Amino acid sequence: MPTVSQNALFGMGNPLLDISAVVDKDFLDKYGLKPNDQILAEEKHKALFDEIVKKSKVEYHAGGSTQNSVKIAQWMIQEPHKVATFFGCIGTDHFGEILKQKAAEAHVDAHYYEQSQEPTGTCAACITGDNRSLVANLAAANCYNKEKHLDVDCNWSLVEKARVYYIAGFFLTVSPESILKVAKHASDSNKIFGLNLSAPFISQFFKEPLMKVMPYVDIVFGNETEAATFAKEQGFETEDIAEIARRVQSLPKVNKNRQRIVVFTQGREDTVATVGDKVKIFPVLDIDQNDIVDTNGAGDAFVGGFLSELVQEKPLEECIRAGHYAANVIIRRVGCTFPEKPDFH
């Protein structure tokens with residue numbers, strides 16, 4: 001008997017098609033990009049998308065932070081199929097068809113809200129050496145509509161079927177009211193709701209919706225940069241990552257039956273997590289620098305691995321070990337892609 005039921009894991013976010021190509025410094029300078037960053041596309045980046053698809057070795061991969069994570073979780077679980085559910089908005093176009101096909105291949109139960117006003121969202125991954133600069137053109141992803149999708153009975157019943165919920169902070173720029181509805185449901189039902197800080201700009205410019213949902217968050221994910229930015233924006237006056245984790249853990253929380261868990265990854269450095277009232281460190285798997293193909297999707301993969309064990313009610317240490325395993329697999333490959341089967345025991 002499978003230990004985990006279909007639709008037990010629910011994710012909602014921005015479904016994007018990653019357009020990945022090797023560029024040079026002139027290309028970055030032309031569009032005012034930092035070598036390693038994550039930003040939302042502005043008017044000045046419009047031409048970038050036309051230019052990058054003309055590069056010789058352009059690659060297309062299904063992306064979007066939350067969608068990556070639930071796919072990795074499903075890959076780690078393998079059977080049954082459709083443990084992971086995903087909601088998001090796409091356009092009625094070729095890129096949208098690719099995303100549907102890729103979700104089906106990954107055995108994720110994707111229910112997209114489809115509209116024809118905006119094309120399917122894309123994310124340009126501009127690669128220079130070990131670095132990558134990500135420019136997201138949300139387009140259709142930004143059109144997610146709570147009333148027309150989440151609130152519809154047949155969709156909401158899938159939300160109710162889940163035991164674990166995960167949404168990347170990126171979705172706070174799109175539909176904070178959808179996040180709140182799901183987060184409150186999880187809290188009221190004593191289920192688990194996870195949120196990712198996702199990028200420094202979320203803590204800086206979307207502080208209000210972020211702090212509105214925080215009282216319902218059971219697990220906070222983030223990396224060291226996002227943790228530091230959050231701490232600065234909240235006036236914590238500390239740069240110590242363990243102390244930041246403690247402070248985030250003790251922020252107000254509605255469901256008192258579950259103590260909040262905070263998990264901060266730090267690339268190749270140890271992962272920091274709250275375990276009860278303590279903060280513990282968990283070393284990541286060793287990897288030879290030469291084996292790292294690209295680190296895009298490493299954070300998404302960590303969360304995916306973590307969720308795969310969490311939904312099977314495994315202890316925190318096992319969730320983190322699975323996260324480290326999944327991230328270690330993904331950084332050896334281009335984009336957020338994975339081999340046929342995991343080798344995690």
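How many helices and strands are there in the protein? This predicted model has 13 helices and 14 strands, where helices (H or I, at least four residues) and strands (E, at least two) are DSSP runs, numbered from the N terminus. Before I go on, a word on conventions: residues are numbered from 1 along each chain as its sequence is written, and side-chain values use heavy atoms, with hydrogens and water left out. Since this is a predicted model, local features need pLDDT of at least 70 and side-chain atom pairs count only at pLDDT 80 or more, whereas totals for chains, interfaces and linings use all residues.

Let me begin with the overall dimensions. The C-alpha trace spans about 55 × 45 × 40 Å along its principal axes. Of the 345 residues, 56% are buried, where buried means under 20% relative accessible area, exposed over 50%, and partly exposed in between, with a 1.4 Å probe and protein chains only. If we take contacts, meaning heavy atoms within 4.5 Å, with a separation of 6 or more, then 73% of them are between residues 24 or more positions apart.

Now to one piece of the sheet architecture. Strand S5, residues 84–91, pairs with strand S6, residues 109–115, in the parallel sense over 7 bridges, pairing here requiring that DSSP finds at least two bridges between the strands. From S5 the chain passes through helix H4, residues 94–105, to S6, and this β-α-β crossover is right-handed, in the sense that, with the strands pointing away from the viewer, the path from the first strand over the helix to the second runs clockwise. Within this pair, Phe86 stands opposite Ala110 in S6.

Let us turn to helix H12, residues 298–310, which holds Asp300. UniProt, in an unreviewed entry, lists Asp300 under "active site"; its positions are given in the numbering used here, feature names are shortened, and annotations may be inferred rather than shown by experiment. Is Asp300 buried or exposed? Asp300 counts as buried because its relative accessibility is 14%. Residues up to four places away in sequence aside, Asp300 touches Ser65, Asn68 and Ser69, and its side chain makes a polar contact of 2.7 Å with the side chain of Ser65. By polar contact I mean a pair of N or O atoms within 3.5 Å; within protein, one must be able to donate a hydrogen and the other to accept it, and residues adjacent in sequence count only if both atoms are side-chain atoms.

Ala301 also has its place in helix H12, and Ala301 is buried, with a relative accessible area of 0%. Beyond its neighbours within four places in sequence, Ala301 is in contact with Ile72, Gly323, Ala326, Ala327 and Ile330.

Thr271 lies in strand S13, is buried at 1% relative accessibility, and is joined to His324 by a side-chain polar contact of 2.7 Å. Asp277, by contrast, is found in the loop between strand S13 (269–275) and strand S14 (278–282) and is exposed, with a relative accessible area of 67%.
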